[in-house]
Every structure is written in C-alpha cells, then in structure tokens.
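This report describes the contact between two chains and then turns to one residue beside it. The sequence and structure come first.

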Amino acid sequence: MTTSPERIVIVGASLAGLAAAHGLRARGFAGRLTLIGDEPHLPYDRPPLSKQVLRGLYSADTTLPRHPDLGAEFRLGLPATRLDPEERFVELGDGSRLPYDRLLIATGTRARPWPKPEEAALDGLYTLRGRDDAQRLGQRLQAKPGRVVLVGGGFIGFEVASTCRDLDIPVTLLVRDATPLAAALGAQLGGLIGEVAREKGVDLRLASEIERMEAEGGRLTAVTLKDGERIETDCLVAAIGTLRNVEWLDGSGLAADAKGLRCDAFCRALRRDGSVVQGVFAAGDVARWPNPHDDDALVAVEHWGNARAQAETAAGNMLAGDASAMRRHDHLPDFWSQQFGLTIKLVGLTDGADAFAVVHGSLEERRLVAVFGKEGRTVAAASIDSARWLPAYKAAIRERAPFPPIEEAVDQPRLRVQEP
Amino acid sequence: MKVVVDLNRCQAYAQCLYAAPGHFALHGKEALVYDPAPDESARGEIERAVHACPVRAITAVSDAPDETGAAR
C-alpha cells in the first residue's frame, strides 16, 4: 500500500466524486483518473433542482465547475455493476473492466420509489433526485396543474411546496408525522416552518397518508387519504426519502447495506468482518462513518457539505501511503434549506437532542439562532435568516460545551431552555 | 461559464448582487439564488462577484472550448 497509485477510479460522478477528483489533482496526483457515472450528465449540482430549476429561473444547467486542468476521463451513462476488491477491478454495465490502484466509492443515493409499483408507474407521479427528474417535473409545473399533492415531511417536500406556491399552484402537502421536519429541526422549528407554509397557502396535512390512488387510462386523477378524504390531482410528487446505491457491491464482501457502506475514520471501506479493504475508500451520501462529534456513532450524512468535505479527506488519504499519514474525517455536519423566502441552516446533528434554547432573535420574529442540547452538552445549532451568527456556535459543538449556555446573563435575560 | 455557490458558507452579505446583478438575487432576507450557467460574456461581472464575496463562497470556471453553450 505504500507504492504511489498510478490509476485511480471514482465510482459516482456527482458532487463527492468531482470534489475527490479535484482534491487528488490538487495534491499532485498525475496518474490516470476515471470517473464513472450512471447518468449521462457531467457532475451537476442538485440543491437548485428543487428550487430555481423547477421554477424556471436562470439556466437549468447546473453542471458543476470543473478545473480546466482536471484531466479526468468521464465514463458516463453506464453504471458500475460489480467490484472485485481482490483482483482490483470495477465492472461496468457493458461488461468492461476498469482496474484500479485506488478506488473511491461515491455512488450516493436515489429517490425512494413509491412503494406500490402499480401506482408508481402512473403518469403524473414524480420523484425528484436528478436533473432529468427536475426537468420532467418542472415542465409539468410550468404547465400549471390544478393541484399538486406532495407526499413527505422532509426538506425536499417543503422546498417543492414552496416552489409550487411561487408559481401560484395550489398544493397539498401530506406529512405522515404529527410535526413537520421534526427529525432534523425538532418540533419547535419544524412547527414554525409548518406555520409559515400554511400562511403561504400550502394545504398542510399532518399525520396524513394516502390510502389509494385513482387513475384513468394510466393517468393519475385523484388520491384518497387514510381518513377517507378524496383529493383530485393529476400531479403527485413523492418525496419520501432515499435509498443508498449499494446493490452493485453485492458479492464484493464489503460491509454495505441499506444504511450505507461502512468505512473507518479515514474513509477506508470495510469488510463485513470490520477489516480494511486495501485501496478502497468511500465518500458522500453512501458512506457510513464513525462521527467523532457523537462518540463515533456510525452515521451516513446526506448533505452537500459532507460530500465535499469527505471527498477531500478521502482524496488526501488515497495518496497518503499508510494510515499514519492519513487524516480522520471529522467534518461537522451542516446543511441549508431555502423555502418560503426563509433560509434555514443547521450545524451538528439534532438526533437525540433533549433541550433547545433560542440564543438570538425569537420564534415570533422568525429570525433566530437556536442551540440544541443533549444530556447537558451542546450538539447542534440552527438559524433562520440569521446565517451570520451560526458559525460562532461550531466551536461549542465541536467541544461539546456544556448546555445550556449561560442562563440569566445580562445580555440575554430572556434565554429559556425548553424542549426541542 | 459554470458557477456554484457554497450556501453553507454564504451569509447573505449580498456583494455578488451588486457585482453581477443579473446573475445573483436574494429571495427574502437571505435566500441566494444564482445563475449556474451564465454566458461567457458575463465573465467580468461573475469574476467581480467571486472576488467581492467576503466569505469566499463562489466558484466560477469558464467552459472548456468543446462545451461552450452546451446544455447537457
């Protein structure tokens, strides 16, 4: 493993794959570099897809900038179908084999399909993950459907609902949980976003699910909810989460399942017995790694910032030779969402948070920074339209500083610790 | 050209709006939207935006000669 690599293959030509390619070249890797992508597109950015691309603002071409001297070969439109880590090659959909000295697995996720296949196949039912999805749905939205029904209480569902309202399209948003966005933001902030959505005209239904769909000639015409209500619609967007693209690793011996591909702190892929697979690394949505900010609990972080940061770490480690020269991936998870004119940002992970305090602004103003605590430690901070103050809390989260922060301070007399 | 903004980093200082008004805009107080594929003729403005950003959140690269204007 100490010989320097001559040939590096990256499976997954999206944000993480491209960031790794840039990172390898920036560190002086001059060998052959190949990126494999199952979509026909060069690496493109996804966050604009649920917002400005659907709305038809600016260009729909979100191809990511590539360094003019990247010197990478793109094999696009063909999936990787098999990995042989002993013989060190990746097999593609056309049967061709690509040998590697180092391999990066950055295959990401795909949209979770609607669970009933006969309904999933209906004309008028959409999911949103890739550029082609956004183009199809965007065309439909710009033709002004009578009503869009959105299923899913996560950020994509809310962002698409916001875009529909911008286009003045009536929209019903069905959320299975009693509180929207609670998993990521907690009930206080999730509830606030739900309130804003309703004010902007979203017909938000909590604790609500679809019982069945109706169709005529293969085209969706209506849905019936579990409570019996019938809603006429010819456009339904299922934003019900993602599935990790790990099936191609079946038979490779790698520890990959629905939760992701297990890797160690240095982004090295692991076998089922926990041993390191020589020369194979992972980054982005597909990687499941020990998070040092949460006692090394395994986590797969499906965020833009992590994809880039983990790809950078993996790129450095791919060229490091042995583990003593490797750097551990210690990225503090962060993300943003834009909806209904608000910018919501989060650093850290709110999983298991048991306390919450607004430290700047207020829920009433809808402009605030809030800090989340877990067992007396600071684990996350969120901002709504106050992004400038958020980075200040990163240090406290990294240190897992005591929570709550100072109470009854002269400059923050209103600080109140409550349930998240 | 191709443009991407690291919106984790963006703090809505809005300097890009002044530098390249046709290619960056705020929706609401802080939600930045931008043109991911501006025409090469906007290069001067886009580069001003890159340099004006106080948190260095904008990356912009000219298209390779073989793909100028290609909507892939």
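## Salt bridges and polar contacts

Three salt bridges are found by the rule across the interface of chain A and chain B. The model is a predicted one. In one salt bridge, the side chain of A:Asp61 meets that of B:Lys2, with an N to O distance of 3.6 Å.

Polar contacts between chain A and chain B number 14 residue pairs, with both residues at pLDDT 80 or more. On the side of chain A that touches chain B, the elements giving two or more residues are helix H2 (52–55), helix H7 (304–318), strand E24 (334–339) and strand E25 (342–348) of chain A. E24(A) gives the most to that side, with four residues. By residue class, the side of chain A that touches chain B divides into eleven nonpolar, ten polar and eleven charged residues.

## Extent of the interface

Interface size is often expressed as the accessible area lost when the parts come together. Between chain A and chain B the buried area is about 2700 Å². Carbon and sulfur atoms give 52% of that area. Within chain A, the residues that lose the most area to chain B are A:Tyr58, A:Pro65 and A:Arg388, and together these account for 24% of what that side buries.

Counted by contact, 32 residues of chain A touch 33 residues of chain B.

## Chain B

Chain B contains two helices and four strands. Along the sequence, the elements of chain B follow the pattern β-α-β-β-α-β.

Of the 72 residues in chain B, 51% are buried. Among the contacts in chain B with a separation of 6 or more, 60% come from residues 24 or more positions apart.

## B:Asp35

B:Asp35 sits in the loop of chain B that runs between strand E3 (31–34) and helix H2 (43–52). Setting aside neighbours within four places in sequence, B:Asp35 contacts A:Tyr58 and A:Ser59 in chain A, and B:Val3 and B:His23 in chain B. A:Tyr58 is also one of the three residues of chain A that lose the most area to chain B.

The side chain of B:Asp35 does reach a backbone atom, the nitrogen of B:Ala37, at 3.0 Å.

Technical notes: Residues numbered from 1 in each chain as written. Chains lettered and ligands numbered in written order. Predicted model: local features only at pLDDT ≥ 70, side-chain atom pairs only at ≥ 80, totals over all residues. Heavy atoms only, no water. Polar contact = N/O pair within 3.5 Å; in protein donor to acceptor, adjacent residues only side chain to side chain. Contact = heavy atoms within 4.5 Å. Buried area = accessible area lost by both parts, 1.4 Å probe. Salt bridge = Lys/Arg side-chain N within 4 Å of Asp/Glu carboxyl O. Nonpolar A, V, L, I, M, F, W, Y, C, P; charged D, E, K, R; others polar. Buried < 20%, exposed > 50% of the residue type's maximum accessible area, 1.4 Å probe, protein only.
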